[in-house]
Amino acid sequence: MIKLKNHLKNQTSPYLLQHANHPIDWYPWCEEAFTRAKAEDKPIFLSIGYSTCHWCHVMAHESFEDEKVAKELNTNFISIKVDREERPDIDSIYMEACMLFTGTGGWPASIFLTPEQKPFYAGTYFPKESAYGRIGFLDLLHALGKRWKQDREGLLQSAEEITMQLKEEQPAGASKLSWQHLSLQVARWFKRNFDETNGGFGNAPKFPMAHNLLFLMEYYRVNRDRRALEMAEKTLLQMYRGGLFDHIGGGFSRYSTDDFFLVPHFEKMLYDNALLLMAYTEAFSITGKEAYREVARKTAQYIQREMTDQSGGFYSAQDADSQGVEGKYYVFAYEELTSLLGASAGRKFNEYFNITKEGNFEGNSIPNRLSDFVPEEMLQSGEWEYSHTEPERLLPKVYAYRKQRHKLFLDDKILTSWNGLMIGAFARMYRVFGVENYLRQAKAACGFLEQQKQGNGSLFVSCRKGRCQGAGFLEDYAFYGFGLIELYSAALEPGYLEKAEGYCRKALELFADPQNGGFSLYGKENETLIASSKETYDGAVPSGNSVMAYNLVKLWQITGKEFWREQAEKQLAFLSGFAERHPAGQAFSLLAALLYQNPPEHIVGVLKEEKDLKKLQKLYGRDADIVVLWDESQNYERINNRATLYICKDDSCRPPMNL
């Protein structure tokens, strides 16, 4: 088969480059493609996916590498490929269209458009050939090509109707319920849907959704609801015990395909690991149980050795597939490890990680520790993790063997939004664990993003191999602002707070809707599409609107500026209506509201020496909002010419005290 380079050959996205040698004449999303579609009077086939998506690989192999499919697309359609991680604006609009057409969504998304970008048909994965009552991709192309020529008006009418629905904005409106009552509703929902046996909520597939666990832990802090903490802890432990966690190399996969967290969908995403790092760190902060520190340590180690660029930025994802087989990289045969480690050590290692001769995944075994019984006192002491020391000592050897056994594809683009979450995770780990390496990692990633800013101070969406592209979307400003606030709280260096304020002001300027409230996904510096959306649902990641609410609350609480209080209250009012209608999808909004209503201690420290800063961080840095002053002022002076703290909580302040 002769493969010709198409219009994707000069792209930076690893996903687009995976398709650059297809016989299909792919275009990236660009004006040239739409101009050609209009000139040749052809509909557009829009395919949206991402580089580590298993079913994207399947459809690519079955259909996009096929000469018959290529001939049909090249003759009767203009074909466009989009990386959903680089263009969340396009993905958001056309995934909503897919939901309107089919009631479901997912990737790969397969959308058919008019040359004016209006969708007239949509679906997700299609097999190449029709079978079992399901239309195949080739038959679908024939049918739609025929309808375009013979029933154009019908397709255009469908496209107009869907486009009108996409343009309809969900009514916001403030809820009549208090945030306290909304939080109670959400906590009750989690209690009703909690899986008592296996942890998590509802049935498979089970996604980590770490922000839900962060909400439950904050709900426990505020309301002392032991049940909320128990649900979070059970879920965190089960996710770690199961195959969702990579016991050999660290880090978490995207979701569990079963109820037990045993068999994951093996791709690893940066955003999941960032949010989970925060959740395990928070669990340790609340309970002091060493098991949570150990999970955080192993996950951070994974990020540092496999997902970190030498420039300091973090990569996006690792694939589920190796050599075309899902999970091949991660599973082991029993004899494979006894051969590697020796009969005695291998037997102990296999027993420790539940690797059996029968296997638990297509004849092989996913390492897991689901059979462990873990008494409370072992969790507290950390003895659980080291009760079998020999298998733990053998992990580096097994890890090195696995690395050379099969190659794992890495999506090495650096996304601003996901890097913001990981900066926040490393900064928060430093606050709780005091490990200097974590703070250095957060600072290095921040330094990388600051070097890649556009000349006007705007953020890029992504960078890869020295090339940055795309004007930043709401998530880029919201998530990076979050990371900067966490980094300021960890390092107590005013420059990070100033940057956070600057990017949040920029977000208000670019994305805010002053009339109706909230923030649009794309703004004044982005391309105008057929519709605009305000994402408010906290799915696999929190929405940009939820994270902006959190940022605005934190900026007010740290700085005391009335401007940020006003913006925080407006944003929480906007989100409250959505929280009332869809409470289970608003966990991060509710986290922001709990924080607004129950602020931590606020400390102003008038310091003298660098050692004062270290002492302040050690004593109060884990939870309090801290402002550091090195010079005295009219309101804040040193008592006894020594470092002095001014501590306020719940609208009252203590007398000044020396540090």
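Start with a charge over a ring: the charged end of Arg305 sits over the ring of Tyr399, 3.8 Å from its centre. Here that term requires NZ of Lys or CZ of Arg within 6 Å of the ring centre and within 35 degrees of the ring normal. Lys268 has its charged end over the ring of Tyr302, 4.1 Å from the centre.

Some notes on the source. This is a predicted model, where local features need pLDDT of at least 70, side-chain atom pairs count only at pLDDT 80 or more, and totals for chains, interfaces and linings use all residues. Residues are numbered from 1 along each chain as its sequence is written, and side-chain values use heavy atoms, with hydrogens and water left out.

Next, aromatics. The whole structure holds 45 aromatic pairs; rings of Phe, Tyr and Trp (its six-membered ring) pair if their centres lie within 6.5 Å, with planes under 30 degrees apart stacked, over 60 edge-to-face and the rest tilted. Phe194 and Phe201 make a tilted pair, 5.5 Å centre to centre with 55° between the planes. Phe314 and Phe426 are stacked, at 5.7 Å and 5°. Phe314 lies in the loop between α12 (290–306) and β9, and Phe426 in helix α18 (residues 416–433), so this pair ties together parts 112 residues apart in sequence. Helices (H or I, at least four residues) and strands (E, at least two) are DSSP runs, numbered from the N terminus.

Last, the sheet. Its 3 strands run in the order β8-β9-β12, open and antiparallel; strands pair if DSSP finds at least two bridges between them. Gln318 stands opposite Leu410 in β12.
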